[in-house]
Amino acid sequence: MGKSAKVQGIDIPIVKLTPVKRRPVSAKNYAKLVANLKAVGLIQPLCVCRDGDQYFILDGYIRFQALTELGVVTVPCLLMDSCDIYTSNRQVNHLSPHQETQLLRKALEKLDKKTIAAAFGIESLDSRLGMSMRKDMHAEVLKALESGQIQQQVARELAYVLHKRQLEIMQLMKQAGDWSLPFVRAQILSTPPALRGNKRRRNNPWEQHDDKKRSLAKKLQEVEKHHDFYSGLYRQYVADLLKLAIYVRQILTRPSLHAHLASNYPEAFALFESVQKENEEKVAV
């Protein structure tokens, strides 16, 4: 939005609003927006510009669509003095699962679970894990998750091992005072086969472990090939240099060549002498 643009807050009948550009949205995000509007109301007004008796929506098409579905009659808007401006929809950054979890924890300090779940359009916050995932978790893990002691991703990782191992890892986390995801993953990867979960899921840690081993083995083979190549090249260079040292010695020990180089090519002569001297010092060592 330009610095010179003038903005005016105004309530506009929804029948007078016309979208400039329609854009797609996933059913999940749309349902979440509708639930949020029902629970909290419209937080961010629509950005519009006026043309005669009609108002064109510059930013807020999805909100407009949801408000229409909810039967809202009047919509709070920000009236711009120009229709030729940059819309903020292009700058929308969706929250990552970790950021969303952090916001949920902050919200739980002020609101109850039922209110927050309604804003997200879900039956309960616990259902975000999925019923199949919850069945794979020990009651103590679910209790720690609901209290905010562990992150949602930590709970998901623990579901890869049996209940007995989950309790062992929870105890290790408590003793170490470390509830982080890297610590939990380290314990999961060190879990004996007998205590691992039998279900196959995406991003299974055991499959990742094997993939990483294969990848490292492949890289090691490539490094060994490069090492053999450069080692052979180095040996060839050393052999060539030794031969050159012999030739330099022969040149410098012949009086006619010695005098000719010293007289006509002093720089080359000095270089040959330095090579000969360095070679003699190495041989002496």
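A: Buried means under 20% relative accessible area, exposed means over 50%, and partly exposed is what lies in between (1.4 Å probe, protein chains only). This is a predicted model, in which local features need pLDDT of at least 70 and side-chain atom pairs count only at pLDDT 80 or more, while totals for chains, interfaces and linings use all residues. Residues are numbered from 1 along each chain as its sequence is written, and side-chain values use heavy atoms, with hydrogens and water left out.

Q: Fine, so is Glu-157 buried or exposed?

A: Glu-157 counts as buried, because its relative accessibility is 9%. Glu-157 forms a salt bridge (a side-chain nitrogen of Lys or Arg within 4 Å of a carboxyl oxygen of Asp or Glu) with Arg-185, and the closest N and O atoms are 3.4 Å apart. This pair links distant parts of the chain, since Glu-157 belongs to helix 7 (residues 152-158) and Arg-185 to helix 9 (residues 181-189), 28 residues apart. Helices here are DSSP runs of H or I with at least four residues, strands are runs of E with at least two, and both are numbered from the N terminus.

Q: And how accessible is Arg-185, buried or partly exposed?

A: Arg-185 counts as partly exposed, because its relative accessibility is 38%.

Q: How many salt bridges does the count come to?

A: The count comes to 4 salt bridges. One of them joins Arg-165 to Glu-168, with 3.1 Å between the closest N and O atoms; both residues lie in helix 8 (residues 163-176), 3 residues apart, which is about one turn of the helix. Arg-165 is buried because its relative accessible area is 8%, whereas Glu-168, at 31%, is partly exposed.

Q: What does Arg-63 meet in a salt bridge?

A: The side chain of Arg-63 meets that of Asp-59 in a salt bridge, at 3.4 Å from N to O. Arg-63 counts as buried at 12% relative accessibility, and Asp-59 also counts as buried, at 2%.

Q: Changing topic, what is the strand order in the sheet?

A: The sheet is open, has 5 strands in the order 1-5-3-4-2, and shows mixed pairing, where two strands pair if DSSP finds at least two bridges between them. Strand 1 (7-13) and strand 2 stand at the edges with a single partner strand each, so one side of each has no neighbour in the sheet.

Q: How many bridges join strand 3 to strand 4?

A: Strand 3 (residues 46-51) and strand 4 run antiparallel and are joined by 5 bridges, with Cys-49 standing opposite Phe-56 in strand 4. Their hairpin has 2 residues between the strands, and Gly-52 takes a positive phi near 70° there.

Q: In what sense do strand 2 and strand 4 pair?

A: Strand 2 (residues 17-19) pairs with strand 4 (residues 54-59) in the parallel sense, over 3 bridges. Among the bridge partners in strand 4, Tyr-55 belongs to Leu-17 and Phe-56 to Thr-18.

Q: At what angle do helix 1 and helix 2 cross?

A: The axes of helix 1 (residues 27-39) and helix 2 (residues 61-69) cross at roughly 60° and come within 10 Å. Axes are lines fitted to C-alpha atoms, for helices over the stretch in contact (heavy atoms within 4.5 Å), and angles run from 0 to 180 degrees between N-to-C directions.
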